[in-house]
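This note is for a colleague who is new to the structure. Please read the numbered points with the model in view.

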Amino acid sequence: MLQTVNLTKNYGKLTAVNQLNLEVKAGELFGFLGPNGAGKTTTIKMMAGILTPTQGQVFLDGIDVHRNPVQAKSLLAYVPDQPNLYEKLSPREFLSFIADIYRMDRTKAERQSSHWLEIFNLSDRADELMGGFSHGMKQKVSLIAALLHEPKVIFLDEPTVGLDPGSARMIKDLLRTLCQKGVTIFMSTHILEIAERMCDRVGIIQNGQLLALGSIEELRARIHHESTDSSSPTLEDLFLELTGGAEYTEISQMLEE
Amino acid sequence: MREAALILKYDLLAMRNSLIKGGLKKALPGSIGILVTLMLAFFIGSGGYNMTRLTRTISAGNPDLMYATEFNLMAGTSLAIFVLLLLAGFRVIYQNFYESEDLFFLLATPLSTKSIFGVKFLHSFNQNLLLLLPFTGAFWVGYGLGVEAPPVYYFIAFFTLLLANAIFTALASLLLLLISSLISSQKMKQFLTVGSMLLILIMVLGSQYYSSLTMRMRVEPDSLLEVVAGWNIGASLFPHIWISKSLLLTIHGFAFSFVESLLPLILLTLIMILATLSLARRSFISGWSFSHDYAPARHSNRKRNRGIKLFGGLGGIVKKDLLTFKRLPLVWYNLLVILIIMGFMGFNLASNTGGSANFTRGLLLFMLLFITAQMGSNLSAYVLSMEGSSWWVIQQSPLQPAALYRAKLLSASIPSLLNSGAVLLVLYLIPGVPMHPWYFTIPVLMLSISLFSSLCLLLDIYGPNFEIGLPQGGSSRSHRSARSSKTLGAMFLLTITAGLIFALISFSSYAKFLPVFSTLSPSFQYSIGIALFLLVVTGGDYICYRTGKKQLANLLTGKNDD
């Protein structure tokens, strides 16, 4: 469903993403992990067709995202880490705008909007201007906007940041349900516990390069094989091992002493 | 003091970095803004000089009248300082005190509130001074040159301007400190917006009423001077009188003393600053915290929105943009002011039957074009930037660049069409206003608006600033500077275009002076003008569409985000 071929992005002399090759199947929930500044957001933006790569291609359901952006974008939805929305619009007006853009049937769009607003506990505030909304509420509205037109692929950049535990849990359940219905989800996250519990496969990126790719079990087996420690390693162990963060554990131990 | 100097040092460092590292592309709009401001200062300064010379020539035989007139003029310009600052200075101070992004950081550090407030006060003071210099400052320089004032006059004038600015900034700060601890940020913003708009409206109404009175008077220089001298603005003891007396301290013929001019001004400035600092130490943080409380306004438009059905993505964007425009006070304010100005102008022209009707018709059409252009620069120049930080929503949508261009062009045109439509209605409703027939004026205005909107849109497509967003958005120093440059740039471009359109439409009126065209019949000359107008409008629209569409495609795919 989603494929990147030698995807590269340079910002001047800095290579943010370097020769990234990935393939995500339909109905798969893919977790994209990496430390700050690793190139996660840049990759997602290129996949969503809102940033032109320096080199390489992105294919979405066989469509070259950068050659046929309009066709590709009609199949995808993107939720950024900072869900900045129109402050002078209410959620209902914003969703009506989204429905117009995707040329949805008006009655169906209204029914869907009301349904999702209800689920995300936003019905009572659906007619207030979004200027006064908290980060979490805006995040919910942008998620509803992403779901409204029933995309085949959803790109989520840190989807649970700013959400209360109840909403975060609901989103986790929702994402799993969507995957069961065949929707592909490509999600970046800092919360390793989410990736460990939810994702079918994960990719770990650092300095724009893909360091590891596979299911949690495969990655666990890989580190287990390389390590002399007999206990089963967690995704956090693997992450720190690959991204050079193991030194933080040592610093933490030193501080405790 | 050391703490304030420390904050200032880093502020200056940030300013230096933005100047050095911004590059030529970023420096260009700012440079245009400075150039336009300098030109404005020159015009106001030379106006002051000419007015002074005229006064001295007319009243050469009556020195008492001359001094009374000059004193009243200076008192008037001193009052203008406070009016100018009331219009724009309040907002500057508010933004510095309560919307500066660095306050979140600074107030969390162990720096004293007094130092932080002091730096913000200084920033407000500087910005207000920059506002005053091209207006009042330039006029005072013109006056000084007009009366051949000694060099010390210019020093005193600058010092007086500093004192006047400090008094206003301190007084406004005191008021804001008091108000902010009582009402929330949203209400404060509404209060400031409505307050400053109301003030402008009163000024517009007042000036129009005065001009309609003077148009009915027989204007003779002596009687006009007597009217100005009779204003008697200096009858009371107010700071603007101390300012005028300070300015005239060194001018020959005026006998004011230091004790009745500069001294009370200096004392008042010191008292105001000390009072402000004292109040700020106690209430700045609490006021700042309260100003960030948000009181959301409920909108019960659920039922209405359900009924709206528009076609496809294009309609969606236009609908969203119009909803946003509808919620901007600037839009309604623009409409109100323009209706009043054009209404009064039409009324005055209708009641003054003297002069050529053809000339009046042309003048009204030019005014219509000019005002439409000014309105356009206020709103249409932001029609893409208004997406602001939500630009990602448009970027990720399956929109063709051409469709987006058309939608944005429509969004840019509709407010101007509605505004000029309302103005036309008023002008046609006033009996006796010499207007071109509606079947001429309406198409000319519509076509002109299409070109104005295309140019504004193209300008915004090539230089979008999603950080500013809406015409009144963005609170940082760089946002304000970018906003001013953008508006001034658009205003400049559209004013030239309005002039060109008017020149083409009225081609027949001056064609007889042109060698090649003078032999042609009037109807042929008229046809040439109209044909050229149509060519310029359609050609301009087409070029904007072609180039704008291409650049929009780049923006949508983030091709320029390197």
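1. A salt bridge is here a side-chain nitrogen of Lys or Arg within 4 Å of a carboxyl oxygen of Asp or Glu. By that criterion, Asp321(B) and Lys408(B) form a salt bridge, with their closest N and O atoms 2.9 Å apart. The pair joins distant parts of the chain, from helix H12 of chain B, which holds Asp321(B), to helix H16 (residues 401-429) of chain B, which holds Lys408(B), 87 residues apart.

2. The model is predicted, with pLDDT of at least 70 required for local features and pLDDT 80 or more for side-chain atom pairs, while totals for chains, interfaces and linings use all residues. Residues are numbered from 1 along each chain as its sequence is written, chains are lettered from A and ligands numbered from 1 in the order in which they are written, and side-chain values use heavy atoms, leaving out hydrogens and water.

3. Helices (H or I, at least four residues) and strands (E, at least two) are DSSP runs, numbered from the N terminus. Relative accessible area (1.4 Å probe, protein chains only) is called buried under 20%, exposed over 50% and partly exposed in between. Asp321(B) is buried at 0% relative accessibility, and Lys408(B) is buried with a relative accessible area of 0%. Both belong to a network of salt bridges that also links Lys320(B) and Glu387(B).

4. Over all chains, the whole structure contains 16 salt bridges. One of them pairs Lys319(B) with Asp100(A), the closest N and O atoms lying 3.7 Å apart. This pair crosses between chains, from helix H12 (residues 312-326) of chain B to helix H3 (residues 91-101) of chain A. Lys319(B) and Asp100(A) are buried.

5. Within chain A, Glu150(A) and Lys108(A) form a salt bridge at 3.5 Å, N to O. Glu150(A) lies in the loop between helix H5 (135-148) and strand S7 (153-157), and Lys108(A) in helix H4 (residues 106-119), so the pair ties together parts 42 residues apart in sequence. Lys108(A) is partly exposed, at 31% relative accessibility.

6. Ser142(A) is placed in helix H5 of chain A and is buried at 1% relative accessibility. Apart from neighbours within four places in sequence, Ser142(A) is in contact (heavy atoms within 4.5 Å) with Val79(A), Pro83(A), Leu85(A) and Trp392(B).

7. In strand S3 (residues 29-33) of chain A, five of the five residues are buried. Leu29(A), Gly31(A) and Leu33(A) cover one side, and Phe30(A) and Phe32(A) the other.
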